[in-house]
Amino acid sequence: MTSPMAARVAVTNSNGGRLSQPTDGCGQAPAVGSNDTPRHAPYMPRPDVAARSWVQDVLAHNGPIYLRIVNSLERTVRRGGLAPGHRLPSQRALAQQLGVDLTTVTRAFDEARKRGLIEARGPQGSFIAPPKAGFDQRVDLSMNLPPVPDADGLAEMLRRGAAAVLTRSNAPNLMTYHLGGGNPTDRHAAVRWMQPMLGAVHDACLVLTEGAQVALAAILVSQGRDGDAILCDTLVYPGLLQAAAALGRRLLPVDSDEHGMCPEALARQARDSGSRLVYLNPTCQNPTALTLPLQRRQALARVLEREDLLALEDDPYWHLAEDAPTPLAALAPDHVFYIATLSKVISPGLRTAFVHCPSAAHAEAMTAALRATRLMGHPLVSALASQLLLDGSAQALLAQVRSEARERTRMARYLLAPSLLVRAEGLHAWCRVPSPWTDAALVRTAQLQGLAIAPSSAFCPPSVVHQQGVRLSLGLATDRRQLESALRRIDRLLLSDALPAIER
């Protein structure tokens, strides 16, 4: 009689390898990967099989093999089937057991280490990692920052960059006054950074600033006066709310649909209000994570040209979008201030943003506004940012940040219930808040559980009724394991029908 473990069928995985799968003991192999079984994206949950070992559990799920290995480990640890300190099979032994390439298992173990699931102990092998201490469990999901996939690598990159700046630069020159807007080296670095988005970049139209917020305020100062109106979406970047309030500008929301701001509504609002300025955040919009499709961008560009409007295109997440369309600045270059920053894709500590203005005259007016408010930038920080851009270090770090950010958005799409998640892209997820919850009640309850989240009220212009939604920032969690725990807790809260006692 053939034993259950002797009867095996071959299953083809997405990497082209072959997996050997045990039968169910009755001569029938589970229909994993068959045409009758729906395919699931990575991180899509499937029914758990507690009776199987974690290795057998790999065979019971679909998706890329390396993720199936990691997710099986994660499920088994969560069930208590693998305790901290448990020694795992060697990578080579596991590859042979599953019938896959060694590189597939190596990739899975690398991912498991990033999630904090396992730890390597040199020649002893890999072991289930102990849980982190409870005092380290507060998670900030309220601020959009890029993840740091390799802290040691980042530190080394900064050391090399700073050493190169001090070696090649005149130190006293770094410590003296500099005219605002950027020196020739800084501008050359800016051109290299902006070419993937805009193609042709005109040096005379470039202005360098210490971050996008400084750029935004300088544009508003140079292109308007107290009491002017700025056309915008019904939910906007909080920095615009702060700048408008401080500078005495009014925000006028424009109607939108599932594709973003409506061109007809923009034209009508511009004529009715007499406003010339429009604020747009068209890629991975903050907070809704919406990316305007190309057709909508083209229609908005035509309105800018026809109505002679100026747009502030705030585009910090372009590099993180999975398929970013052409910026408005490339479609209507004479009508758009294009703002690109390193803060959301490299590090906010570099305090560097680049602005491509509609014309040289607009660039001069913006530079004058910058000088009036902060005279000059930080030469040493600007030199370091330019060094990292020109030697390729920034692009290498960007690739790591992009890869990590995309894994985290995939995790959010998997962990948050479809009834809650509206969209996850870039560095954040936008969720609807179901009844009986309000966004304010959810924020307060999350705080009691050590979670910081951002309610819709943080993004609403003064005239807009607060929407029932929350933004969850995905980059600041120290690792994916911490992020997973936080997202699961949020998901459980939102799906709960009973409000906590503080709301009754």
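## Salt bridges and cysteines in a predicted model

At 44% relative accessibility, Glu322 counts as partly exposed, a class lying between buried (under 20% relative accessible area) and exposed (over 50%), using a 1.4 Å probe and protein chains only. This is a predicted model, where local features need pLDDT of at least 70, side-chain atom pairs count only at pLDDT 80 or more, and totals for chains, interfaces and linings use all residues. Residues are numbered from 1 along each chain as its sequence is written, and side-chain values use heavy atoms, leaving out hydrogens and water.

Let's stay with Glu322 and meet its partner. Arg413 forms a salt bridge with Glu322, the term meaning a side-chain nitrogen of Lys or Arg within 4 Å of a carboxyl oxygen of Asp or Glu. This pair links distant parts of the chain, 91 residues apart: Arg413 sits in helix α15 (residues 393-415) and Glu322 in the loop between β12 (310-314) and α12 (328-331). Helices (H or I, at least four residues) and strands (E, at least two) are DSSP runs, numbered from the N terminus. Arg413 is partly exposed too, at 33% relative accessibility.

The structure holds 19 salt bridges, including these:

| Pair | Closest N and O atoms |
|---|---|
| Arg115 and Glu111 | 3.0 Å |
| Arg413 and Glu322 | 3.3 Å |
| Glu307 and Arg306 | 3.6 Å |

Arg115 and Glu111 are both buried, whereas Arg306 is exposed at 53% relative accessible area. A network of salt bridges links Glu74, Glu111, Arg115, Glu404, Arg408 and Arg480.

Now for the cysteines. Zero disulfides (cysteine sulfur pairs within 2.5 Å) turn up in a search of the whole structure. Cys232 is buried, with a relative accessible area of 0%, and Cys431 is buried with a value of 0%.
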